[in-house]
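Visitor: Please put the sequence and the model on screen. I will then ask for particulars.

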Amino acid sequence: MPTTPENPFADFDRVSSELYGQWERGMTSWWDQVLDNPAFLGTMGNNLSAAARARQSYETAVDESLEKAHLPTRADLVRVARIATLLEEKLLTVEDQLLATRDKLEAVEKQALLARIEAAETRLELLAKLTEMDAKLDVMTTKKPAARKSRAKKDS
Amino acid sequence: MRATSFAKYLMGSPARSAKIGQTPHSIIHRENKATLRYFAPVNATQVPVFICMPLINTWTIFDLLPGRSIVGALLAEGAPVYLLDWGRPGPEDKDVRAVELIDGLLPRAMDRALRHATREHAATELDAVGYCVGGTFLAASLARHPHLARRVAFVATPIDFKASGRLAIWADEATFPLDDVVDGFGNFPAALMKSSFAWLRPTGQVAKFKGLWDRFEDEDFKVLWAAMERWSSDNIDFPGECYREYVRACYFNNALMDGSWVLGNEATDLSKCTIPALVLAATGDHIVPPASASALAQVWGGHVETQVIKGGHVGISIGKHLPKALVAWIASGAESADMRAQA
């Protein structure tokens, strides 16, 4: 963007942007060489290791002094909190089992219900057949008196 | 003038006042520090989605701001969302093993999510989404409990750890004192994690402020910048023993690629999971390069579709492409469910 009376710093913006781009490229390529260098990484690893060991020593020292003063140490508190977590885990395992049992009971209940529905349907079907047979019988009985009549005639 | 207001803005600590993770939700299950968060849609029309977040950051990156929220996009599509937030481990969690999370906490959270979804939405299945290391844990869990989800999407999830760029170089057995770190610090410290990620791109910190300077007049950008600052400054400790196992198995031995990650007494073989998977990798991801994420296709037991979308490892979560891809995936799930119902 060229410099205009409205934006007298346009060139400055462009130049600073280019300078930033160059700086970023330069830094990136330099850091790339450093951060992927096994020697550098080895040194960083040693520093990290030393820092971790120092932290461990510090915490051990704090715990020892608290223990000497007959006070609960950090390790004690951590242990108690871990036990609470494990207890919660056990409770959740029981909850899992309860839910699984409930699932099974629901499945059994569902099966029982289905069986009852099936039995009711069978009974209804039988009832329908019986009604049908009844109707047929009724038809037959309405026809039969004629036969009986003839038999009566014979008897007489 | 501009420099003055820029300095004034930064001195006001904009990140501190940024509001993130604002979508209303309820907590339906808790285990240790982890919580299962339920986000209800206005109209549930899709299969519920279970999201497994990474252990090292807060969940709010998936619900950063209104209009820049994965959770919001899924809710708008009609999917009930269940999000697993691992919480902040304390010193008492340094002995938590990976198997406790992969075989215990994660499947249990999925089970509770499905039970809730069955009760609330008459759902019978879940679709799962895993982000970053949350995706790695989800993959391991699904390989061991494949019945837990109908389909799964992995967002920027490392699978081939040897293809993890600079992180793979740093997490080398010869130079990284894993045992000393875990024995000394207990949990892997969040501050160390944050500085490690910052040093992956040394000029990134300067570029961040340059970006703000360039778009300082854009109020929306400033809101986003402050929200990102708030999220990125809030890393979480990684439970020590779990970190030891994870780094040894995944970074040192690349065990997910050959199925040799032994959890409990059983190896984790990703080929045992045959549900369809979607891999969403980001073009500019320097933490999980596309090669690391797309390697899932080589080891997963089911069909794998890979999409490489524009963005960086974190940037994809607040961009437009990831919500779009996930919403399309959700919609395709509804179609396949319809087809199955018709069949």
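**Strands, helices and chain contact**

Visitor: Which residue of E7(B) is the bridge partner of B:Ile51?

Guide: Helices (DSSP runs of H or I, at least four residues) and strands (DSSP runs of E, at least two) are numbered from the N terminus. E3(B) and E7(B) run parallel and are joined by four bridges, where two strands pair if DSSP finds at least two bridges between them. In E7(B), the partner of B:Ile51 is B:Val129.

Visitor: What pLDDT does chain B average?

Guide: This is a predicted model, in which local features need pLDDT of at least 70, side-chain atom pairs count only at pLDDT 80 or more, and totals for chains, interfaces and linings use all residues. Residues are numbered from 1 along each chain as its sequence is written, while chains are lettered from A and ligands numbered from 1 in the order in which they are written. The model scores ipTM 0.82 and pTM 0.88. pLDDT is the predictor's confidence in each residue, from 0 to 100; in chain B, 97% of the residues score at least 70, and the average is 93.

Visitor: Which strands stand at the edges of the open sheet in chain B?

Guide: The sheet has eight strands with mixed pairing, in the order E1-E2-E6-E3-E7-E8-E11-E12. From one strand to the next, the twist averages 20 degrees. Each edge strand has a single partner strand, so one side of each is left without a neighbour in the sheet; the two are E1 (26-31) and E12 (304-309) of chain B.

Visitor: Which residue of E8(B) is the bridge partner of B:Gly130?

Guide: E7 (residues 127-131) and E8 (residues 151-155) of chain B run parallel, with five bridges between them. One of the bridge pairs is B:Ala128 with B:Val152. For B:Gly130, the partner in E8(B) is B:Phe154.

Visitor: Is B:Val155 buried or exposed?

Guide: B:Val155 lies in strand E8 of chain B. Beyond its neighbours within four places in sequence, B:Val155 is in contact with B:Val129, B:Gly130, B:Tyr131, B:Gly135, B:Leu280 and B:Leu322, contact being C-beta atoms, placed from the backbone, within 7 Å. Its C-alpha atom is 8.2 Å from that of B:Ala293, 138 residues away along the chain. With 28 C-beta neighbours inside 10 Å, B:Val155 counts as buried.

Visitor: Are H4(B) and H5(B) roughly parallel or roughly perpendicular to each other?

Guide: Axes are lines fitted to C-alpha atoms, for helices over the stretch in contact, and angles run from 0 to 180 degrees between N-to-C directions. Angles under 35 degrees count as roughly parallel, over 145 as roughly antiparallel, 65 to 115 as roughly perpendicular and the rest as oblique. The axes of H4 (residues 98-121) and H5 (residues 133-144) of chain B come within 9 Å and cross at roughly 85 degrees. The two helices are therefore roughly perpendicular.

Visitor: What angle does the direction of H5(B) make with that of E7(B)?

Guide: H5(B) meets H4(B) through residues including B:Phe137, B:Leu138 and B:Arg144. H5(B) also packs on the sheet, touching E3 (49-52), E7 and E8 of chain B, and the angle with E7(B) is about 135 degrees.

Visitor: What is the phi of B:Cys132?

Guide: B:Cys132 sits in the loop between E7 and H5 of chain B. B:Cys132 is buried, with 26 other C-beta atoms within 10 Å. Although this residue is not a glycine, its phi is positive, at about 55 degrees.

Visitor: Which helix gives the largest share of the side of chain A that touches chain B?

Guide: Chain A has three helices and zero strands, and 2% of its 156 residues count as buried. The contact takes 24 residues from chain A and 23 residues from chain B. H1 (10-35), H2 (38-68) and H3 (74-155) of chain A each give two or more residues to that side. The largest share, 10 residues, comes from H2(A).

Definitions and conventions
Two residues are in contact if their C-beta atoms, placed from the backbone, lie within 7 Å. A residue is buried if 20 or more other C-beta atoms lie within 10 Å of its own, exposed if 12 or fewer, and partly exposed in between; C-beta atoms are placed from the backbone.
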